[in-house]
Amino acid sequence: VNDSMDLDDELESAGDRRLGALLRSVHAPANPAVWQRVRTRLAAAEAPARVRGLDAVLAWFTRPAALAAASAALVVALGTGWSLRDALAPAADAEVEFVATESASLIESLLDPAAATAAGLEDGGDGGETDGAAPGDSGGPS
Amino acid sequence: MFGTRGGALEPRTESELIERLRRQDVDALGELFRLHGGAMTTLARSLLRNPDAADDVVEVALLRIHKAAPGFRGTRGLKTWTMQIVANLCRDELRRRRFDGGRPEDLDPLATRGLSVNPVAGWDEALDREKLLAELERAIDTLTDDQREAVILRDRLGLSYEEAAEAAGVTVEVFKARLFRARQGLKQILRAERREHEETT
């Protein structure tokens, strides 16, 4: 093998020369697009880190998925807010109305003895006039 | 611009180019691609048999050269270093996927692999060159990865034994043994072709 390899060093035989010529006849040209891609990647890598960071944030927020997610979150938040507003508003109104009705009933009862009796604010249990003493007052010397 | 001597740079201009590459000068990388881009592409396409994958390898090789250039001592030639990086990346790529040797019915394996033919002086016009080259390309497919790499580095790209062995990452003796076996196989194919041609004429 070594002897053959020594002869092979210079492709001595006609067959070797032919083989060498055939093999050398095949080549591929350099692709200019490869160099363009390399330049682009190197330029991107050499940009300042701060700009790259800002670009990355902007790029992240302008991604279609991020935009869709943000829009969906906004719609959900608005919808929830609207629903809560509708749900809470009637309850508050009803409470105000109840307080107002109760207050009106108390005033009317104080002004109107019949209504006060009906409301149990006056002692009408024995059917007579009271002497001004409070119910339960024995009237005896204190 | 750089002076060249038979496809290789003059030593002074090569050292200047290396110095600029060490400073990570992008224009120097462009000069390297202009000088050796054809050989890089030929090596990658011959080994990978896929022009797109080969161009990707050349792109990654250039980026790797740019990154590693500050540490390049220049004891090896620039072309040898470049070819070694391309060969290493091709080996990695071949390990990642099964080698696609093409289809036997593929009538033009050179074109599908992004390779083209230079006219050769003194060519035997009686032979069907295209058919012979296609047969030779298919014969190269039958070699082992190591043998194929040896044939491409030495016979297709014309590197010296020392340069080719360094690019392949083996000793010169190991490289010669691989090349010898590869050539034996290819010559058998050529002899068979010649016999077939003589019988038909």
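**Exercise 1. Find how many salt bridges the rule gives across the interface of chain B and chain A, and describe the contact around them.**

Solution. Across this interface the rule finds 4 salt bridges. The model is a predicted one.

Step 1. Take one pair by name. A:R37 and B:E59 meet through their side chains in a salt bridge, at 2.5 Å from N to O.

Step 2. Between chain B and chain A, 5 residue pairs are in polar contact, both residues being at pLDDT 80 or more.

Step 3. Assign the chain B side to elements. Those giving two or more residues to the side that touches chain A are α2 (26–48), α3 (51–68), β3 (116–117), α6 (129–141), α7 and α9 (172–200) of chain B. The most comes from α2(B), with 10 residues.

Step 4. Sort that side by class. The side of chain B that touches chain A has 22 nonpolar, 9 polar and 13 charged residues.

Step 5. State the extent. In contact are 44 residues of chain B and 30 residues of chain A. The two chains bury about 3500 Å² between them, and 64% of this is on carbon and sulfur atoms.

**Exercise 2. Determine what lines the largest cavity and which element gives the largest share of the lining.**

Solution. 

Step 1. Searching the whole structure gives 2 cavities of 30 Å³ or more. The largest cavity holds about 50 Å³ of space.

Step 2. Its lining consists of B:L47, B:C90, B:R91, B:L94, B:D145, B:D146, B:R148 and B:E149.

Step 3. Two or more residues of this lining come from each of α4 (78–96) and α7 (145–156) of chain B. The largest share, 4 residues, belongs to α7(B).

Step 4. By class, the lining has 3 nonpolar, no polar and 5 charged residues.

Terms used:
Residues are numbered from 1 along each chain as its sequence is written. Chains are lettered from A and ligands numbered from 1 in the order in which they are written. This is a predicted model: local features need pLDDT of at least 70, side-chain atom pairs count only at pLDDT 80 or more; totals for chains, interfaces and linings use all residues. Side-chain values use heavy atoms; hydrogens and water are left out. On a 1 Å grid over the protein atoms alone, a cavity is a set of points where a 1.4 Å probe fits but cannot get out, and a pocket is an open set with protein on both sides within 12 Å along at least five of seven lines; lining residues have an atom within 4 Å of a point. Grid points are joined across faces, edges and corners, and a volume is the space filled by probe spheres set on the points. Ala, Val, Leu, Ile, Met, Phe, Trp, Tyr, Cys and Pro count as nonpolar, Asp, Glu, Lys and Arg as charged, and the others, Gly among them, as polar. Contact means heavy atoms within 4.5 Å. Buried area is the accessible area (1.4 Å probe) that two parts lose on being put together, summed over both. A polar contact is a pair of N or O atoms within 3.5 Å; within protein, one must be able to donate a hydrogen and the other to accept it, and residues adjacent in sequence count only if both atoms are side-chain atoms.
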